[in-house]
Structure formats: C-alpha cells, structure tokens
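Visitor: Before we go through the terms one by one, may I see the model that we are to discuss?
Guide: Here it is.

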Amino acid sequence: MNIGAFQKAFHREFPAKRRHVPTPWHRHWFWRRFFDPCPDVPGMISVKKQRLLNLAFSFLAAGECYLEVGTYQGKSLISAVKGNPPRPVHAVDNFTEFTAANTQQLLMANLARYGMGDKVKFHNADFRTAVNRALVAEPVGLYFYDGAHDEESQYAAIRVAEPLLADEALVIIDDWRNAPDSPSFAQAGTERAVAGSKNAWTLLYDLPARFNADRELWWNGVAVYGFKRARA
C-alpha cells in the first residue's frame, strides 16, 4: 500500500475545508442511492465512509489483500470492492451482534447478487481465531475493523492483525466516537495497542460524526491509521 499516494487522492476527494462539514443531501435516500454502490443492501455506513473504503481499496498493491472484520450484511464489503481491480478479499464475522437481521445466508445472498460470491473468502468465526497467517495468506494492505468495540476486543483486533499487515498498510477503524449514544472504546483500545507496538502507527485522519448514524458525515466516526513496519 502506498500511503502517500492514497493521501493525495483522499485530499482531492475530501478537501480539509469540507472533510468535517455535513453534506445535507446525504440524508435523503432518493439522492443517496445515486452514489451508493449497493443501495438495496442494509448497513450502518454513510456515503462518505463508503467512498473512503472504495478509495483505499483502489490503492492495494498486487499481491496484497483486503481484510474486513465485522461484515454484517456486506454493505461495507461491497462498497470497498465494487469497481476496483481484483485483489484477494477476506471477511470475518460470527454473527453474534444484531442477530435478528444478521446471518451468513443474508450476507452470501447479497454478495452473490453483486457478483462477489466467489471473490470473497469468508470466515464464520471469532476474529481472534480467524485472523492468522494460516487463513489469511497474503499481506494485508488494507484492514477495516468494525467488530466489537469494547476496549479488550478493540485492543485484540489490532494486536492479532499487526503481524499480517503489509510493510506499509492502511488500517480503518469504525465507531471511533465515544458518547452516551455510542459506548464505543475503539479509540481507547486502539491507542493502547499501538502504544505497545515496535512498528510505526500514525493517525492520519480522525473523521467525525455528530451522533450515531450520522449519514451526512462519517456515521459514528472513523479513524484512519497509516502503518509502517520497523526494519528488523
């Protein structure tokens, strides 16, 4: 992953003066559907976050893979992959959250509808057992974590993935915002994990939301980290 090239494209797509400014028309489904690559798939994601994932995926180098933890019904996964050059894709979920509308059958049906049923290596497991070199063979150039956001899970999500990351990688963490309507400890768990790392972790962007499910901004906040492995 060329982090510098990604940042140049990100700044063109989301100039600093507009990055934290709500986009009112994003709240309306009629307009949003023209910019949503999978409008018929339910998901907890804003148009801005969809575009972020798709843009980041486009910078994966040949031989690198995309890893997503917390796939729900596949909206973020489809948003990242659609229209981009083919790269290996791994997705992990054990469907323990949002159980009423969260099943592997729904996920696979959505992926199949968008021609991705055979393009995604899906692991129905806890990420602690699925994120390892035996199952994810390629270097991870882009890692999107949207699993459980209690502090210990978030800490583990960084620690188990770090050995699998490419020497230069992007790590995107969802639900960065902690507030009464969002008891997320994504920031606390991540910061504790990177503080103990021997590698270089840089918070590139802290992308805000005013409330949980903020369609005009970044849904519930997103952090984008750049990762560079230290030389042995």
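Guide: R27, R210, D214 and E216 are linked in a network of salt bridges, a salt bridge being a side-chain nitrogen of Lys or Arg within 4 Å of a carboxyl oxygen of Asp or Glu. This is a predicted model, in which local features need pLDDT of at least 70 and side-chain atom pairs count only at pLDDT 80 or more, whereas totals for chains, interfaces and linings use all residues. Residues are numbered from 1 along each chain as its sequence is written, and side-chain values use heavy atoms, with hydrogens and water left out.

Visitor: What makes R113 and D40 a salt bridge?
Guide: Their closest N and O atoms are 2.9 Å apart, and the limit is 4 Å, so the pair qualifies. R113 belongs to helix α6 and D40 to the loop between α3 and α4, so parts that are 73 residues apart in sequence are tied together. Helices here are DSSP runs of H or I with at least four residues, strands are runs of E with at least two, and both are numbered from the N terminus. The structure holds 13 salt bridges.

Visitor: Why is R113 called partly exposed?
Guide: Its relative accessible area is 45%, and buried means under 20%, exposed over 50% and partly exposed in between, with a 1.4 Å probe and protein chains only, so R113 falls in the middle class. D40, with 42%, is likewise partly exposed.

Visitor: Why are the buried residues of α6 said to be on the same side of the helix?
Guide: The buried residues of helix α6 (residues 104–113) are L107, N110 and L111. They cover an arc of only 100° around the axis, which puts them on the same side of α6; the arc is that of the directions from the helix axis to the C-beta atoms. Q105 and A112, on the other side of α6, are exposed. The buried residues of α6 pack against α5 (75–81) and β3 (120–124).

Visitor: What makes a group of residues a nonpolar core?
Guide: The group must consist of buried Ala, Val, Leu, Ile, Met, Phe, Trp, Tyr and Cys residues joined through side-chain atoms within 4.5 Å. The largest such core has 38 residues, and F6, F10, L52, Y66, L142, I172 and V224 are those with the most contacts inside it. Helix α4 (residues 47–57) gives the most to this core, with five residues. A second, separate core of 28 residues includes V140, Y145, A157 and W176.

Visitor: Why does H90 count as buried?
Guide: H90 has 0% relative accessibility, and the limit for buried is under 20%, so the term applies. H90 is placed in strand β2 (residues 89–93). Leaving aside residues up to four places away in sequence, H90 touches C65, Y66, L67, E68, K121, H123, L135, V136 and E138, where contact means heavy atoms within 4.5 Å.

Visitor: What is the phi of D175, and where does D175 lie?
Guide: D175 has a positive phi of about 55° although it is not a glycine, and D175 lies in the loop between β5 and α9. Most residues other than glycine have a negative phi. With a relative accessible area of 14%, D175 is buried. A213, in the loop between β6 and β7, also is not a glycine and has a positive phi of about 75°.
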